Amino acid sequence: MPEDAIRLSLFSFSLSGEAMRWLHSFKGNSLKTWDEVVEKFLKKYFPESKTVEGKAAISSFHQFPDESLSEALERFCGLLRMTPTHGFSESI
């Protein structure tokens, strides 16, 4: 079975509430590829305004004076998770 088909069939199990209703709003098999689902999902739940806000928070990140390195790293990783469309390269 192709990887796209597996992702498409399992995706609905990762959703609930509004996101599940959003997925079911598409008629029949109108979403045919995984890339199409990802594109529509990100456009719906991570609009440009959220991306701009998240990128600003990531690019201006700094460790607070009373914050340990592990706490700062945890907070930074949280910012990355909250903005999956940040577009920053992960290789340093």
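What we have here is a predicted model, and its protein chain contains five helices and zero strands, so that, read along the sequence, the pattern is simply α-α-α-α-α. The radius of gyration is 17 Å, well over the 12 Å that the globule rule gives for 92 residues, and the chain is therefore more spread out than a compact globule. Along the principal axes, the C-alpha trace spans about 55 × 30 × 25 Å, and 22% of the 92 residues count as buried. Of the contacts between residues at least 6 apart in sequence, 48% join residues at least 24 apart.

Turning to charge, the mean positions of the 11 positive and 13 negative charges lie 10 Å apart, and a search of the whole structure finds three salt bridges.

In helix 1, which covers residues 3–11, arginine 7 and glutamate 3 are four residues apart, and so about one helical turn separates them; their side chains meet in a salt bridge at 2.8 Å, N to O. Arginine 7 is partly exposed at 36% relative accessibility, while glutamate 3 is exposed at 53%.

In helix 2, residues 17–24, glutamate 18 and arginine 21 are three residues apart, again about one helical turn, and their salt bridge is 3.8 Å, N to O. Here glutamate 18 is partly exposed at 42%, and arginine 21 is exposed at 55%.

Finally, arginine 75 forms a salt bridge with glutamate 67, with the closest N and O atoms 2.9 Å apart. Arginine 75 is partly exposed at 29%, whereas glutamate 67, at 12%, is buried.

Conventions:
Residues are numbered from 1 along each chain as its sequence is written. This is a predicted model: local features need pLDDT of at least 70, side-chain atom pairs count only at pLDDT 80 or more; totals for chains, interfaces and linings use all residues. Side-chain values use heavy atoms; hydrogens and water are left out. Helices (H or I, at least four residues) and strands (E, at least two) are DSSP runs, numbered from the N terminus. The radius of gyration is taken over C-alpha atoms; the globule rule is 2.2 Å times the number of residues to the power 0.38. Buried means under 20% relative accessible area, exposed over 50%, partly exposed in between (1.4 Å probe, protein chains only). Contact means heavy atoms within 4.5 Å. Lys and Arg count as positive and Asp and Glu as negative; His and the chain ends are not counted. The place of a charge is taken as NZ of Lys, CZ of Arg, CG of Asp or CD of Glu. A salt bridge is a side-chain nitrogen of Lys or Arg within 4 Å of a carboxyl oxygen of Asp or Glu.
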